Amino acid sequence: MNIFISWSKTVSLQYAIETKNLIENLNPNLHAFVSEKDLIAGVDFQSEIIENIKKCDKLILCFTRETKKSPWLLFEAGYARGLTKTVIPLLFDNDPNWHSWVDNPMNIAQGIFFEHDTFSENFLRVLELPDTVNNRNRVEEYKKTIQEIKDKNRVIDKTCEDFVNKLVGLESFTIKSPIFREQTAYFFAGFESYDLLKVITESFLYTGKYLWIYGRKNMKLFGGSFKEFFKYLDEKSYNNDKMDGIDFKCLFLNPESKEVEYAHSQQEIFKTELNATLLRAKSVFGNNKRLEQCFRLYSNKREAIIIRLDNTIIYSRPTFDANGIPQLLTDTPFEVFSANSKRGQECIKTFETVWNNAEKIKYPNYI
């Protein structure tokens, strides 16, 4: 059996080479073709690629976040699909929407997820190899090697990976795919969107410990779409002084503070919206005084937007006009990095300082 292994970019190539080694170790009668390893200098690269796709019985694609929209990878997949070859996507990164765009030839292909417990079973099955103890052991060794490659080439701290993957995989979100530098994911748009807040709260529900929000008026949070989130907080806090093991904190700008004059270009509209949100909060809290204690009012100028989700920091810096008024945050750039990093610790310290200087929440005197 001939197997063509498709790859794009450096890390995907490393996965491809290890996959070739595994296949040929599992069965010497299998031949796995990887262009970087099997083409000699001086040949017509493109024609050789096409000829080897024609000769193959199955085509394996080494998918990562960086390569899933690679034109060359999609060309090879589409060409093989057109020849009615079996196409097997190996998904090395956890991206549930890896084949979501309309013109992707992978829309009818069944992927094998490296992170799933069934990887070994599915890998052996698609290659028509017996599921023996020896074969399982070889696949497990391969998985260890792949994990070493992943760790060596990790672009962001492991504690932040799941959250970043959720953002990247969310179709409705208006962000652009991030760039990675010094263990930080830089997103170029989408900070103050409903979708970002939705991903944050859903990531926290039932499994999270920390959720700290350095907000301003928190209108989206109290807009009626987060009933499950507040029901969860109510259950955790009702008659429980310690919030049943979770640490939730949320900051509002104090509507009576001097800073309200500089918090928005339309001061009266902003103050009205802030007071209205505080009244909505009062309705949500009801008689739950412990939940009410999770919210405070700050009066200082907010120099940074900080959200802590367990060991992940979501960070953005507002921009100010010539009069010192912050611009709208909707769709502005933001960053994601580890709470354990130097910058993460600085953000935690900043939040704690603001929290400790903030007042207990109080409500407008009108309804």
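The axes of helix H7 (residues 158–168) and helix H8 (residues 194–204) cross at roughly 140° and come within 11 Å of one another; axes are lines fitted to C-alpha atoms, for helices over the stretch in contact, and angles run from 0 to 180 degrees between N-to-C directions. H7 is therefore oblique to H8, given that angles under 35 degrees count as roughly parallel, over 145 as roughly antiparallel, 65 to 115 as roughly perpendicular and the rest as oblique. On the H7 side, the contact (heavy atoms within 4.5 Å) is made by Phe163, Lys166 and Leu167, and on the H8 side by Leu196, Val199, Ile200 and Ser203. These residues divide into 5 nonpolar, 1 polar and 1 charged, where Ala, Val, Leu, Ile, Met, Phe, Trp, Tyr, Cys and Pro count as nonpolar, Asp, Glu, Lys and Arg as charged, and the others, Gly among them, as polar.

The model is predicted, with local features requiring pLDDT of at least 70 and side-chain atom pairs pLDDT 80 or more, whereas totals for chains, interfaces and linings use all residues. Residues are numbered from 1 along each chain as its sequence is written, and side-chain values use heavy atoms, leaving out hydrogens and water.

The chain has 12 helices and 14 strands, taken as DSSP runs numbered from the N terminus (helices H or I, at least four residues; strands E, at least two). Of its 367 residues, 51% count as buried, that is, under 20% relative accessible area, with exposed over 50% and partly exposed in between (1.4 Å probe, protein chains only).

Helix H5 (residues 119–126) is mostly covered, with 6 of its 8 residues buried: Phe119, Ser120, Asn122, Phe123, Leu124 and Val126. The elements covering them include helices H1 (10–26) and H6 (133–152), together with strands S3 (58–63), S4 (86–91) and S5 (112–113). Just after H5, Glu128 takes a positive phi of about 60°.

Aromatic pairs number 29, a pair being rings of Phe, Tyr and Trp (its six-membered ring) with centres within 6.5 Å; planes under 30 degrees apart count as stacked, over 60 as edge-to-face and the rest as tilted. The rings of Phe222 and Phe285 have centres 6.2 Å apart and planes at 85°, so the pair is edge-to-face. Phe222 lies in the loop between strand S8 (210–214) and helix H9 (227–237) and Phe285 in helix H10 (residues 267–285), so the pair ties together parts that are 63 residues apart in sequence. Phe222 counts as buried at 5% relative accessibility, and Phe285 counts as buried at 3%.
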